[in-house]
Each structure stands twice: as C-alpha cells, then as structure tokens.
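Subject: A structure for you to look at

Hi,

Here is the structure I promised to pass on. Have it open while you read, and my notes on it follow below.

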Amino acid sequence: MERIDNLFYSFANRSSGMIDPEGIETLCSDMEVDHTDVRILMLAWKMKAEKQGYFTLEEWRRGLKALRVDTVSKLRKALPELEKEVRRPSNFVDFYSYSFCYCLTEEKQKSIDIESICQLLDLVLGSQFRAQVDYFIEYLKIQSDYKVINLDQWMGFFRFCNEISFPDLSNYDPDLAWPLVLDNFVEWMQAKQS
C-alpha cells in the first residue's frame with residue numbers, strides 16, 4: 001500500500017492532492033501509452049474515477065489494489081488483462097455506460113455534444129462494431145435534429161449494435177422502443193441503400 005501511495009504522489013499535483021490531467025499525461029508517457037488510448041479509460045473505470053482527467057488517492061488505491069500493481073511497469077503489463085476483463089460481456093455494458101457518464105464534466109449535465117460523442121463511440125465501440133460506428137458517426141455529423149446525445153440514446157445504440165443485423169437491418173422494428181435518433185438513423189441508412 002505504501003508503494004501504491006508513493007506512486008500516486010509521484011504523479012499528483014501538490015496543491016490539489018489529486019492526479020490531474022497533467023499527471024495523467026505523465027503517467028501515460030511513463031507507461032508508453034497514448035493518453036487517448038481506450039485502456040486509460042478502462043483504468044479510470046477500474047478505479048471508479050468520478051471526475052474526467054482526475055484520480056483521487058482513494059480511486060488510485062482501489063484501482064491499483066484490484067490490479068495488484070504498485071509500479072508503472074507492472075501497471076503497463078496489467079493493461080492487456082484489464083482490457084480482457086472490460087471486454088467480457090458482463091463488464092462491457094457497465095464500462096460502456098461508465099464511459100458516457102465519465103464524460104459528463106459539468107454539474108447536472110445530462111448529455112454530450114455530437115462531436116465528443118463521435119470520438120467516444122470510435123474509442124469505446126469502434127473495435128467491436130466498426131461498420132455500425134462509422135455509419136452512425138457519418139449520420140450524426142450530417143443530421144441537424146440533434147446537437148447532443150443523452151444516456152438513453154447512448155445505451156440504445158449499444159443495444160442496436162448487439163441486436164440488429166447490419167447492414168441489412170432486416171430485424172429492425174421501429175415499433176419497438178428505440179430512441180428516435182435510431183429510428184432516424186435506420187431511415188437514413190435505408191434511403192442510402194436504395
């Protein structure tokens with residue numbers, strides 16, 4: 001535990017007593033991992049970090065204890081296992097939901113702007129559902145009905161990727177309770193295909 005704490009303080013900002021965005025960048029460069037790597041978000045999930053770009057001592061202890069690491073090199077070596085853990089279906093839905101909530105940076109914020117959502121979709125779902133993500137991002141960028149996406153729509157897209165045959169969309173039923181943005185996306189896809 002002492003080594004975990006010492007490691008924390010080597011990255012923490014002296015005045016705030018937290019690891020801040022600068023500290024996270026230093027941690028990433030010490031681990032030789034890009035700060036935009038999805039595994040950094042997975043690490044935040046493991047710590048149950050509440051504020052984007054910040055790790056508290058308590059969150060740091062929780063994450064590093066769970067990963068059984070107390071040095072930067074052990075942490076780097078633990079990333080592939082962490083990624084496997086996150087990608088288990090039972091954990092992934094929680095991680096997917098977490099990744100949205102983690103990006104809510106303002107008090108009482110309930111939705112995320114389209115540009116940020118596109119980046120987040122690519123980061124979190126891109127490797128699993130490349131085609132769906134690419135088309136949905138293309139749709140989100142050209143449509144003008146939505147400026148933001150909420151958690152319900154975000155979770156709806158994950159369900160869509162898991163349940164709907166793509167790209168033929170043959171089992172999509174608009175009468176089921178899909179978020180309207182997905183009904184509109186499917187209409188756009190069908191128009192594009194015809």
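Let's start with a helix: which exposed residues does the face of α8 turned away from its buried side carry? They are K141 and I142. Before I go on, a word on where this comes from: it is a predicted model, in which local features need pLDDT of at least 70 and side-chain atom pairs count only at pLDDT 80 or more, while totals for chains, interfaces and linings use all residues. Residues are numbered from 1 along each chain as its sequence is written, and side-chain values use heavy atoms, with hydrogens and water left out.

"Buried" means under 20% relative accessible area, "exposed" means over 50%, and "partly exposed" is in between (1.4 Å probe, protein chains only). Helices (H or I, at least four residues) and strands (E, at least two) are DSSP runs, numbered from the N terminus.

**The whole protein**

There are 10 helices and 2 strands, and along the sequence they come in the order α-α-α-α-α-α-β-α-α-β-α-α. The C-alpha trace spans about 60 × 30 × 25 Å along its principal axes. Of the 194 residues, 46% are buried. Now look at contacts (heavy atoms within 4.5 Å): among those between residues at least 6 apart in sequence, 65% join residues at least 24 apart.

**Back to α8**

Helix α8 takes in residues 130-142, 13 residues in total, and reaches 19 Å from its first C-alpha to its last. That is close to the expected 18 Å, where the expected span is 1.5 Å times one less than the number of residues. Its buried residues are Q132, V133, F136, I137, Y139 and L140. Seen down the axis, these fall within an arc of 165 degrees, so they line one face of α8. (The arc is that of the directions from the helix axis to the C-beta atoms.) There is a handy rule behind patterns like this: an α-helix has 3.6 residues a turn, so residues three or four places apart point the same way. The cover over the buried residues of α8 includes α7 (114-125), β2 (148-150), α9 (151-163) and α10 (180-193).

In α2, the buried residues are G23, I24, L27, C28 and M31. Their arc around the axis is only 140 degrees, which puts them on the same side of α2. They pack against α1, α3, α4 and α5.

**A residue in α7**

Next, find V124, which lies in helix α7. Is V124 buried or exposed? At 0% relative accessibility, V124 counts as buried. Leaving aside neighbours within four places in sequence, V124 is in contact with V38, L41, R87, F92, F95, Y96 and S99. L41 is 83 residues from V124 along the chain, yet their C-alpha atoms are separated by 8.8 Å.

**The largest pocket**

For pockets, picture a 1 Å grid over the protein atoms alone: a pocket is an open set of points where a 1.4 Å probe fits, with protein on both sides within 12 Å along at least five of seven lines, and lining residues have an atom within 4 Å of a point. The largest pocket has 21 lining residues, and H35, T36, Q52, Y102 and L123 lie nearest its centre. The elements giving two or more residues to this lining are α2 (21-31), α3 (38-47) and α7. The largest share, 5 residues, comes from α7.

The peptide bond from F166 to P167 is cis, with omega near 5 degrees, and P167 is found in the loop between α9 and α10. R68 is not a glycine but has a positive phi of about 55 degrees; R68 lies in the loop between α4 and α5 and counts as exposed, at 74% relative accessibility. K108, also not a glycine, has a positive phi of about 65 degrees.
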